[in-house]
Amino acid sequence: MRLSLTYQGIPIWRHSRILSWTAQIVSGVLVVAAVAFFLSNVSSAIVQRDIPFGFSFLNREYSTPISEHLLPYEESDTFAYAFLVAATNTLMVSVVGVILATALGIVVGAVQLSGNWVISKVATVYVEVFRNVPLIVQLFFWYILLLGLPPVREGIILFNAIYLNNNAGLSFPWPEGQQRPGLWLLCVVLAIALGVVTRVLLERREERTGRPSYPWLGAIGVIIAGSLVAWLVWVAIGDAPYVMSVPAPEGRFGHPAGGYTISIELTALLVGLIIYTAAFIAEIVRGGLQSVSRGQSEASRSLGLGTMQTLRFVTFPQALRVIVPPLISQYLNLTKNSSLALAIGYADLTSVAKTMTQTAPAVTIFLIIMGIYLLYSLAYSLIGNLYNRHIQFTGG
Amino acid sequence: MATAETWQPAPSLPPPRIETGWIGWARANLFGNWLSGLVTVVTVPLIVWAAWRMLGWLFGTADWTLIASRPQQYLIGLYPTELAWRPLTGWLLVSILFGMAAAMWGGAARRIAIGYGAVTVLLGVLPYGLFHEGVVMPWWVRAFILGNLLTLGIGYLLGMNPKTGRPRNFVLGGIAIYVLLLLILIGIPGVPGMEEVAPRRWGGLMLNLILAVSGIFFAFPIGVLLALGRRSNLPVVKVLCVVFIEVFRGVPLITLLFMSQVLVPLALPANFPVDSVTRAAIVITLFSAAYTAENIRGGLQGLHPGQAEAARALGLPGWQVTTLIQLPQAIRNVIPAIVGQFIALFKDTSLVYIVGMLDILEMGRSIVQGNVQFTDNGRENLIFVAAVFWIFTYTMSYVSRRIERNLGVGRR
């Protein structure tokens, strides 16, 4: 008698369902076995070689200084709080870097397409140079350049307001709260909310009546007017909510006091990240603008739209669809690249973590910071994807 | 009967002088409108001034003794001097591939081979390492370097020969040379002159190139598998691939390199022979594979579903639909993105200093820091290293643009 291994009349080695299940079970078992093997090695190594492991260190005092921090920090604070401080530093670098790199990148990308041969070539050279050299080389370069600046007394001073030198770092004017600044900010938030409502109402009016109602202009007007009125009320009662604090040399060594001061490490990191990422963003913007076929703008012009209207209603919305997805991945890259702060000594998440490994279990620390970076990546992806969905074709 | 005279229009006049030639070009591109004219007038003097300052620094103020006196360290790091002939032999082998490529594909490949040959000649005859203290470049090293012209020529002849000059031979030869090169560098214990040189003593540009080539070589197939896995209908496979890709793409490479140094030794059995260079190479490869996978997935998504349907209707089995119909088209469409990823991989090799290796960047920095007379030459060092990286990455992006044009991506 012949043994026939069939299922639903098909030999089992050719039945797609059985094959797919076999493949999945085999791959699943292989991965689980590999993970179990690694974990058992890790745990035996921890026991045998007495390697510290676990999360109990998080409640211990970190008792190591963090050179620069946005959140208040004392050496008596715990490891857990030090993680928070470092993560905030990374977030700050990421947000500031993203905003400035986007601005610079859009300018350079637009300049590359401009009709003027000289500046479009300059922009191309900028992009080709900075995109093709490793960021870490550039960071070291900016850092050396800043370290080579004269000390505070002979340093660079712009408009008597911006100071750049090799020991105090970069000082620039910054608003300083004077009289209930929080309350005033609340008023601004309210004004923004009002502005959003205005925009929606004016848009509806425009759709209903067909007459131009300038929803964006109205919204911005409401926001500015609201903030200004609140400001005037503050002035009328007593003092303005904020004053611009301008740094000025002070004391025997002439260190700038007032305003806001960042170290040369942070300056070098930001300059390097912004210039590097902007080169990539410029290429994305250029590609996006070029991807809109010429027929689109020609058709728009023949319908009687002006240059700005063509740009605003026809070219730009279509370019945006091409630009946004790679732009988001550049934002992620900038955030991840900020970990190179380690090389020049700015206290970001990675460099604080590296210091922590001297007094706490390294494996756990790196697991934690990888988790935090993943969280940031997910947050950027989420925001980006929501916006992307908003601007894509919705059909109809 | 009079023949009807067909009316002949008078020949067109040549365009006015002011619209052609360099005057016309300048009118169109420099002074197109008042704003453009203003920009030109303002920026040109600025650019001339900046270029003048920069050239003045490069050829006047800057002191390049640092680089001229330490060519060996920049090229091969701390690889033992008396065994330097081994990396040099490896280099000779690699030149064969350049020659073959030039003969087989011509065009961009030929231009790159010519540039490569020119750089080799320069490296062979420039008077560095002769008049400076430090490592004096012996004559036989120059002979080795100039020998590359010979192997370049041999490669060219191999490529011209219709029997040997086939893409398959090129790929197989490349793999053979890669393996041979690693073998020559590591050495064979017991053979005189082939003493073992542990990978942690490799360094300089050689290390960057080895890490990059290994990364590209392995990241591509792994990336393809991951991309296919992520699109597969099998939930277990799909989840595994998604988790792998997203974790590796979500964290900085530095943290992964750290992990490879602290966790991998724990996760492997005690005394498992895997050194830090191999670990770094594996991490860089997997990191790059995750990005390559996403690029290829993008290409697969961009394919019209009709392609796979037509293939299936013709009776191709599933794996052939993937390998013969979908992948070739998908990969062709995303070549620029993949090359961009490989450029990023090459740039990322400069991060291995994190795990204590002396790649070209860290080698240069340690020369600057370790020698009092070079303390002020940090800038020269970094500019030199940047230039070396730039030459390689720019060549790669040039090749990518040429391939793109030859395949006609975006022009169909």
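Guide: Domain bounds, as used here, come from an automatic or database domain assignment. The model itself is predicted.

Visitor: Into which domains is chain B divided by that assignment?

Guide: Chain B has domain 1 at 69–197 and domain 2 at 201–412. Taken over C-alpha atoms, the centres of domain 1 and domain 2 of chain B are separated by 24 Å.

Visitor: How many residues of each domain of chain B are in contact with the other?

Guide: Domain 1 of chain B contributes 15 residues, and domain 2 of chain B contributes 18 residues. On the side of domain 1 of chain B that touches domain 2, the elements giving two or more residues are helix H4 (71–76), helix H6 (107–125) and helix H8 (167–186) of chain B. The largest share of that side, four residues, belongs to H4(B). By class, that side of domain 1 of chain B holds eleven nonpolar residues, three polar and one charged.

Visitor: What is the domain assignment of chain A?

Guide: Chain A is split into domain 1 (6–48), domain 2 (79–154 + 264–391) and domain 3 (181–237). For domain 2 and domain 3 of chain A, the centres over C-alpha atoms are 31 Å apart.

Visitor: Next, the contact between the chains. How many residues does each chain give to the contact?

Guide: Chain A gives 40 residues and chain B gives 42 residues. On the side of chain A that touches chain B, two or more residues come from each of helix H1 (16–48), helix H3 (117–131), helix H4 (135–147) and helix H12 (362–391) of chain A. H1(A) gives the most to this side, with ten residues. The side of chain A that touches chain B is made up of 27 nonpolar residues, eleven polar and two charged.

Visitor: Why do H17(B) and H18(B) count as roughly antiparallel?

Guide: Angles over 145 degrees count as roughly antiparallel. The axes of H17(B) and H18(B) cross at roughly 165°, and the two helices are therefore roughly antiparallel to each other. Their crossing is right-handed.

Visitor: Which residues of H17(B) and H18(B) make the contact?

Guide: From H17(B) come B:Ile360, B:Leu361, B:Gly364, B:Arg365 and B:Val368, and from H18(B) come B:Gly378, B:Asn381, B:Val385 and B:Val388. These residues of the contact of H17(B) with H18(B) divide into five nonpolar, three polar and one charged.

Visitor: How do the axes of H13(B) and H16(B) cross?

Guide: In chain B, the axes of helix H13 (residues 276–302) and helix H16 (residues 335–348) cross at roughly 160° and come within 10 Å of each other. This angle makes H13(B) roughly antiparallel to H16(B). The crossing of H13(B) and H16(B) is right-handed. On H13(B) the contact involves B:Ile284, B:Ser288, B:Tyr291, B:Thr292 and B:Asn295, while H16(B) supplies B:Ala337, B:Ile338, B:Gln341, B:Leu345 and B:Asp348. The contact of H13(B) with H16(B) has five nonpolar, four polar and one charged residues.

Visitor: The last topic is the sheet in chain A. What is the order of its four strands?

Guide: The open sheet has the order S3-S4-S5-S10 (chain A), and the pairing is antiparallel. S3 and strand S10 (260–262) of chain A are the edge strands, since each pairs on one side only. On average, and with direction ignored, neighbouring strands of this sheet are turned by 10° against each other.

Visitor: Where do the side chains of a regular strand point?

Guide: In a regular strand the side chains alternate between the two faces of the sheet.

Visitor: How many bridges pair strand S3 with strand S4 of chain A?

Guide: Strand S3 (residues 156–158) and strand S4 (residues 162–165) of chain A pair over three bridges in the antiparallel sense. A:Ile157 has A:Tyr163 in S4(A) as its bridge partner. The hairpin of S3(A) and S4(A) has three residues between the strands, and A:Phe159 in this hairpin takes a positive phi near 50°.

Visitor: What joins S4(A) to S5(A)?

Guide: A hairpin joins them through three residues. S4(A) and strand S5 (residues 169–172) of chain A run antiparallel and are joined by three bridges. The bridge partner of A:Leu164 in S5(A) is A:Leu170, and A:Tyr163 stands opposite A:Ser171 of S5(A).

Technical notes: Residues are numbered from 1 along each chain as its sequence is written. Chains are lettered from A and ligands numbered from 1 in the order in which they are written. This is a predicted model: local features need pLDDT of at least 70, side-chain atom pairs count only at pLDDT 80 or more; totals for chains, interfaces and linings use all residues. Axes are lines fitted to C-alpha atoms, for helices over the stretch in contact, and angles run from 0 to 180 degrees between N-to-C directions. Angles under 35 degrees count as roughly parallel, over 145 as roughly antiparallel, 65 to 115 as roughly perpendicular and the rest as oblique. A crossing is left-handed if the near helix is turned anticlockwise from the far one by less than a right angle, and right-handed if clockwise. Two residues are in contact if their C-beta atoms, placed from the backbone, lie within 7 Å. Ala, Val, Leu, Ile, Met, Phe, Trp, Tyr, Cys and Pro count as nonpolar, Asp, Glu, Lys and Arg as charged, and the others, Gly among them, as polar. Two strands pair if DSSP finds at least two bridges between them.
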